[in-house]
Amino acid sequence: MMKQSEGRSWLLILMHGILGIGAIVGGSILIIDPTGSMVNLPESLLLNSPFSSFLLPGILLLLVLGVMPAMIAIALIRRTQWKLGERLNLYPDRYWAWTFSLYTGFALIIWIMAQVYWIQDVSIIHLVYFAWGVGIQVVTLLPSVQRTYSK
């Protein structure tokens, strides 16, 4: 059992917090306005995708890259226990939120790769968020961070 006095990886917490806040805002906007016009997204971006509007991508963005990273950031600070998180933890010798940090890095990388594939274009924002996903994974896998979140 981990103690509240144990260390934290503030860089990892910050990376998840910023990602979570941005995706909660972005996902909420796409849910409110599935046409994308509120954020100047042309519907032509959806032509090669399986989506007819930005509603489902907005819901996925909100939940997977918004709520989940925000929840992870809080859990990495507070060390909250979560039975479902523990059951889905592929690394039982690590705190569940550490493992979910890896999951989030993968989710962000996949999200960006799918966007690039469907819109058949790469912009600077894709490169930034792809690097953000890789960065989350690199920081999560740092030996000091692994030790911090070992059981």
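Modeller: This is a predicted model. Helix α1, residues 10-32, packs against α4 at an angle of about 45°. The two axes lie 12 Å apart. The crossing of α1 and α4 is left-handed.

Now look at who makes the contact. From α1 come Leu12, His16 and Leu19. From α4 come Ser101, Thr104 and Leu108. Sorted by class, the contact of α1 with α4 has 3 nonpolar and 3 polar residues. No charged residue takes part in it.

Pick out Thr104. Thr104 belongs to helix α4, which spans residues 96-119. Its relative accessibility is 0%, so Thr104 counts as buried, the cut-off being under 20%. Leaving aside residues up to four places away in sequence, Thr104 touches His16, Leu19, Leu65, Met68, Pro69 and Ile72.

Next, the aromatic rings. The structure holds 8 aromatic pairs. One of them joins Tyr91 and Trp98. Their centres are 5.6 Å apart, with 85° between the planes. This pair is edge-to-face. Trp98 is buried, at a relative accessible area of 2%. Tyr91 is partly exposed, at 40%. There is also an aromatic cluster, formed by Trp82, Tyr95, Trp96, Phe100, Tyr103 and Tyr149.

Notes:
Residues are numbered from 1 along each chain as its sequence is written. This is a predicted model: local features need pLDDT of at least 70, side-chain atom pairs count only at pLDDT 80 or more; totals for chains, interfaces and linings use all residues. Side-chain values use heavy atoms; hydrogens and water are left out. Helices (H or I, at least four residues) and strands (E, at least two) are DSSP runs, numbered from the N terminus. Buried means under 20% relative accessible area, exposed over 50%, partly exposed in between (1.4 Å probe, protein chains only). Contact means heavy atoms within 4.5 Å. Axes are lines fitted to C-alpha atoms, for helices over the stretch in contact, and angles run from 0 to 180 degrees between N-to-C directions. A crossing is left-handed if the near helix is turned anticlockwise from the far one by less than a right angle, and right-handed if clockwise. Ala, Val, Leu, Ile, Met, Phe, Trp, Tyr, Cys and Pro count as nonpolar, Asp, Glu, Lys and Arg as charged, and the others, Gly among them, as polar. Rings of Phe, Tyr and Trp (its six-membered ring) pair if their centres lie within 6.5 Å; planes under 30 degrees apart count as stacked, over 60 as edge-to-face and the rest as tilted.
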